[in-house]
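Morning, everyone. Please have a look at the model on the screen before we start.

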Amino acid sequence: LCPPGVLPLCCRPPAWGRAPQQPPSPLLTPCRAFSNNMIQVELDESSGVAMMKFKSPPVNSLSLDFLTEFSISLEKLENDRACRGVIITSAVPKVFSAGLDITEMCGKSLEHYGEFWRAVQEFWLRLYGSNMVTVAAINGSSPAGGCLIALSCDYRIMAENPKFSIGLNETQLGIVAPFWFKDTFVNVVGQRIAERSLQLGSLHPAPEALQLGLVDELVPEEKILEKASAVMAKWLALPDHARQLTKSMMRKAVLDRLVAHREEDIKYFINFISKESIQKSLRMYMEMLKKKKG
């Protein structure tokens with residue numbers, strides 16, 4: 001079963017299936033907002049652009065509840081004819097998202113692990129396969145699952161702060177990034193950079209992330225949303241149907257691979273994460289984090 005309120009993939013239209021939309025008349029375009037506990041969304045109907053802000057302190061961890069709300073928010077925007085693009089950013093200082101919530105993967109039941117991993121899959125399928133223009137405004141550090149969110153967007157803008165880093169650092173926790181994390185990473189930075197970075201669990205400071213092509217550009221933190229809006233306007237100047245079909249063509253093989261192996265991937269995750277050696281590594285990592293906080 002999918003997380004509550006989230007349609008299963010088989011019941012959703014393909015990513016490229018929505019008819020191209022024209023911007024509505026500015027005279028009839030108020031700004032609409034909807035929020036839940038962890039995510040705030042504001043849709044400007046005059047531009048067709050939504051602003052999605054993560055607001056789950058301290059670090060926007062991707063818990064089961066967060067992932068469910070994320071998928072529901074994406075679904076609402078995807079089904080809103082007034083929305084053509086979404087800018088994703090953080091309302092929490094110094095962090096975009098710290099990635100998957102480790103507490104969801106440690107000391108829980110096998111059923112919980114399965115439910116959690118299905119929610120992770122669902123958010124990625126929705127975001128990576130979205131027919132909206134998606135721009136990541138990365139205004140803080142973005143390891144692991146946070147990096148995956150950014151990688152899944154069409155364009156990545158990061159604050160030019162060398163203290164902020166981004167990368168898939170799963171091996172540092174003693175776990176392995178799944179094949180669809182890897183595929184998404186390879187599609188952005190290429191095979192060799194992805195192979196080296198994944199094996200080392202590297203977190204790349206913002207300037208290095210730009211050099212590797214992991215992000216598309218760096219801007220001063222105070223200008224990141226302004227730049228994201230300018231980039232969005234450039235992408236939305238194109239006919240929706242042509243852009244959507246091109247995006248689908250480029251991403252379809254990666255999306256189809258997970259869809260074809262979704263249940264197998266869940267079983268693999270459950271078997272892997274429930275191993276005592278992996279649980280031990282996660283417990284040690286959580287203890288290390290507690291000591292740092294202390």
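First, the ground rules. This is a predicted model, with local features needing pLDDT of at least 70, side-chain atom pairs counting only at pLDDT 80 or more, and totals for chains, interfaces and linings using all residues. Residues are numbered from 1 along each chain as its sequence is written, and side-chain values use heavy atoms, with hydrogens and water left out.

Start with the sheet. Helices (H or I, at least four residues) and strands (E, at least two) are DSSP runs, numbered from the N terminus. Two strands pair if DSSP finds at least two bridges between them. Here an open sheet of four strands runs in the order 5-7-9-10, with mixed pairing. Strand 5 and strand 10, residues 204-205, are the edges, each with a single partner strand, so one side of each has no neighbour in the sheet.

Now the pairs. Strand 5, residues 94-95, and strand 7, residues 140-143, are parallel, with two bridges. V95 faces S141 in strand 7. Strand 7 also runs parallel to strand 9, residues 165-167, again over two bridges. There, S142 has I166 of strand 9 as its bridge partner.

Next, the pocket. On a 1 Å grid over the protein atoms alone, a pocket is an open set of points where a 1.4 Å probe fits, with protein on both sides within 12 Å along at least five of seven lines; lining residues have an atom within 4 Å of a point. Grid points are joined across faces, edges and corners, and the volume is the space filled by probe spheres set on the points. The largest pocket comes to about 1100 Å³. It has 39 lining residues, and A98, L100, I102, Y285 and L289 are the closest to its centre. Strand 7, helix 9 (262-273) and helix 10 (276-293) are the elements that each give two or more residues to that lining. Helix 10 gives the largest share, seven residues.

What classes of residue make up the lining of the largest pocket? There are 25 nonpolar, nine polar and five charged residues. Nonpolar means Ala, Val, Leu, Ile, Met, Phe, Trp, Tyr, Cys and Pro; charged means Asp, Glu, Lys and Arg; the others, Gly among them, are polar.

On to helix 7, residues 224-236. Buried means under 20% relative accessible area, exposed over 50%, and partly exposed in between, with a 1.4 Å probe and protein chains only. In helix 7, I224, A228, V231, M232 and L236 are buried. They sit on the same side of helix 7, because they cover an arc of only 130° around the axis. That arc is taken from the directions from the helix axis to the C-beta atoms. E226 and K234, on the other side of helix 7, are exposed.

Compare helix 2, residues 110-128. Of its 19 residues, 16 are buried, so helix 2 is largely enclosed by the rest of the structure.

Last, the backbone. Most residues other than glycine have a negative phi, and most peptide bonds are trans. The bond from P57 to P58 is cis, with omega near 10°. P58 lies in the loop between strand 3 (49-54) and helix 1 (64-78). N60 is in that loop too. N60 is not a glycine, yet its phi is positive, about 55°. Is N60 buried or exposed? N60 is buried, at 0% relative accessible area. K94, in strand 5, also has a positive phi, about 75°. K94 is exposed, at 64%.
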